Amino acid sequence: MIETPPPPRLDFVYEAVVDIAPTALLGEGPLGERRIVPILGGCFEGPRLRGRVLPGGADRQLLRRDGILRLDALYEMEAEDGAVLTVHNRVLIDPLREGGPYRFSTLEVTAPEGPHGWLNRLVLIGTLQPLRPAQEAVRIQVFSLAAG
């Protein structure tokens, strides 16, 4: 008989507060309304790393005709030691989900080999919380999947 492995557990990796510019509309496409949100900066911190979100990235968005919002963000973060990490965050938001909005993501973080190379070896998932109107930013919490 083959043993079933236990389900994975979540380990906290970092939390980022990402400062954003106003949403720019790019027009209707065949799949829905296209938008872009420039990333202006921010900060991040976790048990093994901390630093700042670099300006210059962007969050490309698609508001589908069924009400689902797909986000595809690409940006860089600089750790305290100067290492630059590239983050690709893909988010699905269902604002009509029973029990409240559904906002979860899969992330890829690419780090240079060295002290932050461990980030290249993880499966990452995240949450997204808008901070508007109090702050023009979003809070992203990132977790790794670990063997149960």
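Strands, like helices, are DSSP runs numbered from the N terminus, with at least two residues (E) for a strand and at least four (H or I) for a helix. The structure described here is a predicted model, in which local features need pLDDT of at least 70, side-chain atom pairs count only at pLDDT 80 or more, and totals for chains, interfaces and linings use all residues. Residues are numbered from 1 along each chain as its sequence is written, and side-chain values use heavy atoms, with hydrogens and water left out.

A nonpolar core is a set of buried Ala, Val, Leu, Ile, Met, Phe, Trp, Tyr and Cys residues joined through side-chain atoms within 4.5 Å; buried means under 20% relative accessible area, exposed over 50%, and partly exposed in between (1.4 Å probe, protein chains only). The largest such core has 29 residues, and Tyr14, Val18, Tyr75, Met77, Leu85 and Leu119 have the most contacts inside it. At least two residues of this core come from each of strand 1 (9-20), strand 3 (32-45), strand 6 (69-79), strand 7 (84-94), strand 8 (102-110), strand 9 (124-130) and strand 10 (137-146). With contact taken as heavy atoms within 4.5 Å, and neighbours within four places in sequence left aside, the partners of Tyr14 include Phe44, Met77, Val87, Leu107 and Ile140.

The surface has a nonpolar patch too. Patches are made of residues with over 30% relative accessible area and no salt bridge, joining like charges within 9 Å and nonpolar side chains (Val, Leu, Ile, Met, Phe, Trp, Tyr) within 5 Å. Leu10, Val123 and Leu145 form one with about 250 Å² of accessible area together, as given by the Shrake-Rupley method with a 1.4 Å probe, where only the protein chains shown count as cover for residues. Val123 lies in the loop between strand 8 and strand 9.

Next come the charged pairs. Counting a side-chain nitrogen of Lys or Arg within 4 Å of a carboxyl oxygen of Asp or Glu as a salt bridge, the model holds 12 salt bridges. One of them pairs Arg65 with Glu28 (3.5 Å, N to O). This pair links distant parts of the chain, 37 residues apart: Arg65 is in the loop between strand 5 (58-64) and strand 6, and Glu28 is in strand 2 (residues 24-29). Both Arg65 and Glu28 are exposed.

Finally, the backbone has a cis peptide bond between Arg132 and Pro133, with omega about 5 degrees. Pro133 sits in the loop between strand 9 and strand 10.
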